[in-house]
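Biologist: Before we start, could you show me the structure, so that I can follow each of your answers on it?

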Amino acid sequence: MTALGPRSSLPPAITSDVFRVFRDDGSIDEHTDPQLSNEDLIFIYTHMAQTRRLDERFISLQRQGRVAFHVGSLGEEASIIGSAFALRPADWIFPCYREFGAALMRGFPLQRLVDNVFGNSADVVKGRQMPHHYTHRATGWASISSPVGTQITQAAGYAWGSKIKHEDVVTLVYFGDGSTSSIDFHSGLNFAAVQKVPLVLFCRNNGWAISVPTCRQTASATFAEKGLAYGIPGIRVDGNDALAVFSVTRTAARRAAQGLGPTLIEAITYRMGGHSTSDDPNCYRCSADIEPWAQADPLERLLPVLVAKGIWDKDRDAALYASIDETFKECVAQAEVTPPPSLETMFDDVYEKLPWHLVEQRAELLAGPRPSTGR
Amino acid sequence: MPQLTIVQAINDALKVSMRDDQRIIVLGEDVGKVGGVFRVTAGLQAEFGEDRVIDTPLSENGIVGTAIGLALNGLLPIAEIQFSDFIFPAYDQIINELAKYRYRSGGDHSTKVVIRTPVGGGIRGGHYHSQHPEAAFIQVPGLKVLCPSNPYDAKGMLLAAIEDPDPILFLEPKRVYRAAKGEVPEGSYTVPLESARIVREGSDVTVVAYGAMVYEALDAAKRASDEGVECEVIDLRTLWPVDIAMILQSVKKTGRIVVVHEAPRTGGFAGELITLVAEKAFFHLEAPPARVTGFDTPFPYALEMEYLPLSHRILPVVLQTARA
């Protein structure tokens, strides 16, 4: 399918099927290469590596029973880091729930992420939500909820606000293939297009919505073409190609900043792990499904580029992972000795101030018995 | 002082606040060019422009969802849902997102939105233009639910709602949109939220009502007085958080309570109010608490005057409660 819609400065390659920089043989297409600096390449790679490594560490913690839940992004690192890197610090992100790597990249402290997964009193959201439902206003990271798609409409509203205020802020919203079936995909795209807001709609088509494959999610041939119905150009990109993802997102962000309206990006990638630590994907798919995607691992594609340029090597790689492990270990050690949120905090922030009924209920809880078994 | 209808009072509140606060955006279906199907937003687009008064696509989910995004970005959206019967596509955004955003973000964000919507029957609107769905929203922690009955309160409470930092559902009793008239000061003033008002003093029975049913309660109180029973009628004004202190003070005086609401009986707000009274003032009660409500049926078209808890149905319950 082609990317249709109003004219913009999209390079010619986007009008063919899937935008790519890496060829099948691993070489780079010089026509589509965004020609990032060495510094930028290292930055992207190290954050993808961090995302991968932290994923493994969090899963391990969960299997040991030290945290209750983890939702990872194995295999989707290029889609996440490559796209987030295309934004400016003042731009805003409305995440779904898989993008912790991008949150960290934009300045969300790792300690706060670990605290959030432990749900302790140092957690930004005060232990009120499940792990990975954090937020960080200071780095332009909206709040995460579990119902999928709700962030799309909200992101359209946020971008609309930037337009009304004449502020040079682009909003990017992440969502998965499953979310394209939601009511908010429809409302969000519709409002975003009608109001022509500075929004990048980034759909990570990772093949699955828990156990439901994309062929059962839509009868459309692609997700990108859904933009057509709303008057929004849709672009497909190789989601495991960090350079392609960066390039397409940067173009969409520029279009938004220039007042040309929203763009729908479909990043084709694959959820290599389960939906979360509560899901065993072996129930509904087999290793034959996964194998082709293992051949297109986003880290393994990018690493040789850095090595070939002489800006990275095995030793630096080992040192990077060792450093991530060490820092993570310290964060976990601190999180594990940080106490849970105090009882009183359960009643704060329901409203700005406590109304009479919450004052009463708080007193009731504090005066009452504690549960008999520890949880 | 000018005599205004509720429609005019709300319109005035919107104009006064929009002149004062550039953050305010009005959005909804038909609110701009036409000024709303009830003309509540008439003249706003002409004065404040299409950037601040927006005719949206036909999507309640989209109206509330984008309002949340606008609020996160520092604007102050006043969203209209054309009839409260149509609010349900927005229910997820209201209860799972708007009401919970401050709490779930650890106070890092707030989502200050006012959602205005007409409620109530008696206008030959049938199932889909007559509902009074407050119970579905009172049960959601994080929302404030308001329902003024008269023009003075409507303007003052809307101005207070705009100043209040929390997300608010502002229910407008459409049956008395134009029937209720009253003196409304010009310029800016507020009516405190979470504060009920005694609209008729009495010492025999406490009658609690809100919205259009306040007038029915007052009519029943007049007829009860002819039979020697003096009602104290309370207009709740804010449904949640309710002014429990005023209700209890009255019940301690009268020992008897009747709650009136249009919404269906089961799971309705009267159940909550009566339970609160039972918990806090049981030994002051001299008769079983009573409620006069809509029936547990969808709101009927032809028989709406039989369905509504009007004066003729309130009176016998008041008398029975007084004489028990």
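Modeller: Let us begin with a definition: the radius of gyration is taken over C-alpha atoms, and the globule rule is 2.2 Å times the number of residues to the power 0.38. Please keep in mind that this is a predicted model.

Biologist: What is the radius of gyration of chain A, and what would a compact globule have?

Modeller: Chain A has 375 residues, and for that number the rule gives a compact globule a radius of gyration near 21 Å. The C-alpha atoms of chain A fill a box of roughly 70 × 50 × 40 Å along the principal axes. The value for chain A therefore agrees with the rule, since the chain has a radius of gyration of 21 Å.

Biologist: How many helices and strands does chain A have, and how far apart do the C-alpha centres of its domain 1 and domain 2 lie?

Modeller: The secondary structure of chain A comes to 12 helices and 8 strands. The domain assignment places residues 12–341 in domain 1 and residues 342–375 in domain 2. Between the C-alpha centres of these two domains of chain A, the distance is 36 Å.

Biologist: Which residues of α4(A) meet α11(A)?

Modeller: On the side of α11(A), the contact involves T327(A), C331(A), V332(A), Q334(A), A335(A) and E336(A). By class, the contact of α4(A) with α11(A) divides into 6 nonpolar, 3 polar and 2 charged residues. The residues that α4(A) brings to this contact are L110(A), Q111(A), V114(A), D115(A) and F118(A).

Biologist: Turning to chain B, what is its radius of gyration?

Modeller: The secondary structure of chain B comes to 12 helices and 14 strands, and its C-alpha atoms fill a box of roughly 60 × 45 × 40 Å along the principal axes. With 324 residues, a compact globule would have a radius of gyration near 20 Å, and the value for chain B agrees with this, being 19 Å.

Biologist: What is the handedness of the crossing of α9(B) and α10(B)?

Modeller: The axes of α9 (residues 244–254) and α10 (residues 269–281) of chain B come within 10 Å and cross at roughly 65°. The crossing of α9(B) and α10(B) is right-handed.

Biologist: Which element gives the largest share of the side of chain B that touches chain A?

Modeller: The contact takes 37 residues from chain B and 37 residues from chain A. The elements of chain B that give two or more residues to its side are α3 (60–72), α4 (91–98) and α5 (101–104). The largest share of that side, 9 residues, comes from α3(B).

Terms used: Residues numbered from 1 in each chain as written. Chains lettered and ligands numbered in written order. Predicted model: local features only at pLDDT ≥ 70, side-chain atom pairs only at ≥ 80, totals over all residues. Domains from an automatic or database assignment. Contact = placed C-beta atoms within 7 Å. Helix = DSSP H or I, 4+ residues; strand = E, 2+ residues; numbered from the N terminus. Nonpolar A, V, L, I, M, F, W, Y, C, P; charged D, E, K, R; others polar. Axes fitted to C-alpha atoms, helices over the stretch in contact; angles between N-to-C directions. Left-handed = near helix turned anticlockwise from the far one by under 90°.
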